[in-house]
Amino acid sequence: MLHKSNTCADADSLEFRAIFSKERFCNMATNAVTDASFVDVVINSDTTVVVDFWAEWCGPCKIIGPSLEELSDELGSDVKIVKINIDENPSVPSKFGVRGIPTLMVFKGGEVASTQVGANPKGKIAEWIKSSI
């Protein structure tokens, strides 16, 4: 499986080329977090963080992925958008009661400020994020 945490050198694999372009992968606006990095990246963040709880097999997760990438660019330094694969990192989703995906959570000051479950159009996700900042 490919994740942002992989290196751009991994972008030369056949598996990679079937999914992404090397340029797009190496310039993705969202970043992967893990059970190990969650506290540092999300809880201890000085900025608002949107966490996308997702899985490779989740169709709706794949549908909202490009919208989250675009929103990460559009919102700039106002908010950080990160993704956590629930299959590879089961502790954090369990701790926060994630039962369905995609689940998006806004964290402010290390606390969950808002939660949204399910896939929505980019405009609705943007409104939700802006209302939660």
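These are my notebook entries on a predicted model of a protein.

**Ground rules**

I am working from a predicted model, where local features need pLDDT of at least 70, side-chain atom pairs count only at pLDDT 80 or more, and totals for chains, interfaces and linings use all residues. Residues are numbered from 1 along each chain as its sequence is written, and side-chain values use heavy atoms, with hydrogens and water left out.

**Entry 1: the overall layout**

I began with the elements and found 6 helices and 5 strands in the protein. Both kinds are DSSP runs numbered from the N terminus: helices are H or I with at least four residues, and strands are E with at least two. Reading from the N terminus on, I noted the order α-α-β-α-β-α-β-α-β-β-α.

Next I looked up burial, and buried residues make up 41% of the 133 residues. Here buried means under 20% relative accessible area, exposed means over 50%, and partly exposed lies in between (1.4 Å probe, protein chains only). The accessible surface comes to about 7,000 Å², and 51% of that surface belongs to carbon and sulfur atoms. These areas come from the Shrake-Rupley method with a 1.4 Å probe; for residues, only the protein chains shown count as cover.

I also checked contacts (heavy atoms within 4.5 Å). Of those with a separation of 6 or more, 68% are between residues 24 or more positions apart.

**Entry 2: the disulfide**

How many disulfides does the count come to? I get 1 disulfide, taking the term as a pair of cysteine sulfur atoms within 2.5 Å. The pair is Cys 58 and Cys 61, with sulfur atoms 2.3 Å apart. The torsion about their S-S bond is about 80°, so I wrote the disulfide down as right-handed. Cys 58 counts as buried because its relative accessibility is 3%, and Cys 61 is buried at 3% as well.

**Entry 3: a hairpin**

I then followed strand 4 (residues 103-108) and strand 5 (residues 111-117), which run antiparallel and are joined by 6 bridges. Two strands pair if DSSP finds at least two bridges between them. Leu 104 has Gln 116 in strand 5 as its bridge partner. The hairpin has 2 residues between the strands, and Gly 109 takes a positive phi near 60° there.

**Entry 4: Glu 88**

Where does Glu 88 lie? I found Glu 88 in the loop between strand 3 (79-85) and helix 5 (91-95). Glu 88 counts as partly exposed because its relative accessibility is 41%. Ala 55 is 33 residues from Glu 88 in sequence, and the two are 8.6 Å apart in space, C-alpha to C-alpha.
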